[in-house]
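Me: Hi! Could you walk me through this model? I'll be jumping between topics, if that's okay.

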Amino acid sequence: MANPPVSAPLYDRISRRNNIPRAIELIILFLLFSLLLYRLLSLKDHGFTWVLALLCESWFTFTWVLVISTKWNQVEYMTYPKRLLQRKVELPPVDMFVTTADPVLEPPILTVNTVLSLLAVDYPADKLACYVSDDGASPLTFYSLVEASKFAKIWVPFCKKYNVQIRAPFRFFSVESISPQDVSQEFQQEWKKMKGEYEKLSQKIEDASKRSQPCELTGDFADFSNIQRKNHPTIIKVIWENKEGVSNGVPQHVIYISREKRPKHPHHFKAGAMNILTRVSGVITNAPFMLNLDCDMYVNNPQIVVHAMCLLLGVTNERDCAFVQSPQIFYDGLKDDPFGNQMVVLFHYMVHGLVGIQGPLYGGTGCFHRRKVIYGLSPDDNDITRKLSNEALLKTFGRSLEFTKSAAKILSGMKTSSIGPNNISSCTETANQVAGCDYEYGSSWGREVGWMYGSTTEDVLTGLTIHGRGWKSTFCSPNPPAFLGCAPPGGPATMIQQKRWATGLLEILFTPKNPFILTLNGKLQFRQCLAYTWVILWGLRSIPELCYAALSAYCLITDSHFMPKVGEPVIFIPIALFTIYNLYTLSEYLRIGLSTRAWWNNQRIWRLNTMIAWLFGVLSVLLKLLGLSDTVFEVTQKDQSTNVDDNNVNAGRFTFEDSPSFVLGTTILLVNLTALAIGLLRFRLVGGDGNGSGIGEFICSMSVVLCFWAFLRGLFEKGKYGIPSSTIYKSGALALLFVQLCKWV
Ligand SMILES: O=c1ccn([C@@H]2O[C@H](COP(=O)(O)OP(=O)(O)O[C@H]3O[C@H](CO)[C@@H](O)[C@H](O)[C@H]3O)[C@@H](O)[C@H]2O)c(=O)[nH]1
Ligand SMILES: [Mn+2]
């Protein structure tokens with residue numbers, strides 16, 4: 001095949017055809033409106049149940065409008081890295097960031113693998129630097145990285161020589177667990193050697209983690225002695241510095257940062273860590289592009305940096321590409337997604353819909369940023385010079401002259417072709433200064449520049465701010481997938497994560513950067529605003545869903561109804577809605593090759609997430625608004641492999657613990673079980689007179705019970721798969737209370 005001309009585009013933007021889904025979505029909307037109309041017209045003949053049902057259904061309809069708008073034009077990007085390489089242009093430098101926060105919840109071997117996979121990407125090594133932020137201030141993490149960097153010196157050349165695809169060794173050796181047969185003798189030998197070396201490395205880290213200290217805290221480790229995790233000075237360590245230029249294709253620098261922490265200073269969780277990474281790298285390498293990864297997400301496609309560059313460099317107008325987001329895809333996903341945390345469908349339809357509006361949300365990991373965008377630039381900033389005055393720079397970026405100089409370079413678009421000072425130690429003093437916990441006071445960090453503060457989903461807030469300034473973003477989903485991460489392993493961990501998301505998203509509503517303000521006063525597009533609204537109101541959806549679940553139970557208990565009766569022709573509306581909606585969501589799964597089982601699991605788990613985790617999210621935002629407690633970023637537990645547990649047999653099973661979330665869940669289940677029992681008993685004794693509860697209420701309560709199937713099983717199980725008896729007692733009492741209340745009302 002002839003080479004494409006040098007002017008061939010670096011990417012294509014392709015619209016998906018989705019006329020049939022659109023039509024079905026509109027039918028569902030029509031049915032929803034009909035239901036609302038019916039409620040309104042018959043409101044005066046019914047009591048508060050009707051009003052409550054009307055309110056809930058209005059909210060569902062509102063949500064559905066947001067969904068339709070978001071999914072309307074779905075767009076994909078195709079990138080052509082070969083064309084970029086053919087152009088023989090000089091590729092720009094990239095600073096790569098990794099965040100980790102807790103050596104127990106986030107085993108260092110994971111961080112090590114993420115870093116190794118980054119160091120081995122296919123990109124000119126002299127353009128790359130890697131910075132690791134450790135909010136755990138853990139000597140174990142530092143030790144692991146030091147050991148890993150030694151291994152990197154053989155691992156990176158090995159990957160590049162044989163062009164291996166998976167460059168995170170733990171995956172490479174588990175996917176290809178036996179030495180490959182159909183390859184050269186030489187490769188087989190090196191493969192064995194490499195496997196041995198990697199095993200040594202993991203053993204070292206494993207052993208170190210069992211000791212109270214990984215090694216003696218002297219020399220390079222002295223900074224870690226006598227420190228507390230939440231109270232210590234900045235620790236910056238140059239793990240690896242390539243003074244004599246690049247050798248063996250290993251990137252220039254690997255730098256470890258544990259920012260200063262003091263009990264009285266807010267540290268803003270991950271957003272704070274990202275800002276420190278930005279500033280420290282700013283004074284050292286100051287690359288115009290930055291890639292950020294969570295510690296639990298490794299590079300799965302070594303070409304990804306070049307793919308991203310196709311977009312970042314390929315757009316004719318920079319405003320079309322403030323950042324390049326890759327999808328979150330997870331390795332070792334359990335079959336049929338029992339915890340509903342792989343989010344494949346969400347990404348496939350909703351996110352691609354966003355891609356067709358103003359671009360995907362920033363997802364916190366797997367994202368390439370333009371540094372100048374992070375520095376607060378707008379696409380049509382005309383008065384750059386005003387921003388570049390010394391005074392303005394110091395006010396915005398803080399008191400470090402060196403840093404403001406580096407920021408000025410970025411803002412004025414000065415090219416930095418290769419990176420770094422030749423000697424990092426010359427800038428460690430500045431680096432320490434900008435990593436200090438009082439550095440940001442009086443500056444614009446977290447408000448106008450950098451990662452934004454005020455939400456535990458700093459990613460969405462930061463992306464929203466960028467879109468609000470009029471930038472667009474792009475999506476990069478090459479094959480094989482760019483990055484693979486690990487999903488929370490099990491019931492409680494998923495709940496914690498969902499709760500944090502709902503909290504953080506709702507917090508955004510109460511910041512000056514909420515999507516409505518940014519649409520009115522800023523440059524957020526209207527439909528992008530609707531999409532953001534859909535996301536940030538996740539938590540609030542818990543209330544109508546809970547009311548709806550309670551409503552059907554209430555009706556069964558009191559022999560009343562909130563659905564049309566069987567005799568009425570309008571019963572057709574809810575039945576059609578229920579059927580079409582479920583078939584439609586099922587088809588979304590089947591169309592992308594997922595199973596019916598996966599659909600079923602996801603439908604159920606998302607009801608649980610909504611009713612339980614999101615409600616607690618709403619509560620924590622309420623407590624914050626009332627000034628009673630602040631929201632925190634609870635780090636999710638990571639396992640290297642999600643199915644080491646009990647040899648896979650129990651891998652997908654829900655686990656429980658004694659926490660308010662599970663009390664709520666168990667209560668909902670018990671209430672609906674009781675209601676069904678009461679309803680059935682009455683039906684058998686007195687028969688239906690057509691005025692009390694009917695098929696509609698039964699179906700609703702049955703669906704709730706089906707959604708809470710995991711809890712139903714949990715009632716009868718022991719150990720971690722069983723609901724603790726204390727939880728059952730509390731829920732039982734609450735359920736009884738509910739039944740009594742129903743009778744009194
Ligand atoms: O004080 C903190 C807390 C967390 N982290 C890091 O933040 C990342 C994400 O934390 P994790 O517990 O894995 O949360 P997830 O819910 O899995 O993260 C998703 O949601 C977050 C909040 O929306 C985003 O920041 C993440 O990128 C996105 O993957 C990890 O690398 C942590 O080490 C810090 O650096 N400092
Ligand atoms: Mn994570």
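Me: Which residues of helix α14 (residues 401-411) are buried?
Reply: Those are Phe403, Thr404, Ser406, Ala407, Ala408, Ile410 and Leu411. Buried here means under 20% relative accessible area, exposed over 50% and partly exposed in between, with a 1.4 Å probe and protein chains only. Helices are DSSP runs of H or I with at least four residues, strands are runs of E with at least two, and both are numbered from the N terminus.

Me: Before we go on, what kind of model is it, and how does the numbering work?
Reply: This is a predicted model, where local features need pLDDT of at least 70 and side-chain atom pairs count only at pLDDT 80 or more, while totals for chains, interfaces and linings use all residues. Residues are numbered from 1 along each chain as its sequence is written, chains are lettered from A and ligands numbered from 1 in the order in which they are written, and side-chain values use heavy atoms, with hydrogens and water left out.

Me: Thanks! Back to α14: what do its buried residues pack against?
Reply: They pack against α8, α11 (371-374), α12 (384-387), α13 (390-397) and α15 (428-434). Contact means heavy atoms within 4.5 Å. After α14 comes Gly413, with a positive phi near 75°.

Me: You mentioned α8. Is Arg279 in that helix buried or exposed?
Reply: Arg279 is found in helix α8 and is buried, with a relative accessible area of 0%.

Me: What does the side chain of Arg279 reach?
Reply: The backbone oxygen of Val434, at 2.9 Å. Leaving aside neighbours within four places in sequence, Arg279 is in contact with Phe403, Val434, Tyr439, Glu440 and Trp445. Phe403 is one of the buried residues of α14.

Me: Nice. Now the ligand: which residues come nearest to ligand 1?
Reply: Asp135, Lys270, Glu458, Thr636 and Lys638, out of 26 residues around ligand 1. A residue counts as near if one of its heavy atoms lies within 4 Å.

Me: How much of ligand 1 does the protein cover?
Reply: The protein covers 96% of the 680 Å² of accessible area that ligand 1 has on its own; such areas come from the Shrake-Rupley method with a 1.4 Å probe, and for residues only the protein chains shown count as cover. The elements giving two or more residues to the shell are β3 (94-100), α8 (269-284), α16 (458-468) and α17 (491-509).

Me: Switching to the backbone, where is the cis peptide bond?
Reply: From Asn479 to Pro480, with omega near -5°. Pro480 lies in the loop between β11 (474-475) and β12 (483-485).

Me: And what about Met343 and Asp559?
Reply: Met343 has a positive phi near 55° and is buried, with a relative accessible area of 9%. Asp559 has a positive phi near 50° and is partly exposed, at 31%.

Notes
A polar contact is a pair of N or O atoms within 3.5 Å; within protein, one must be able to donate a hydrogen and the other to accept it, and residues adjacent in sequence count only if both atoms are side-chain atoms.
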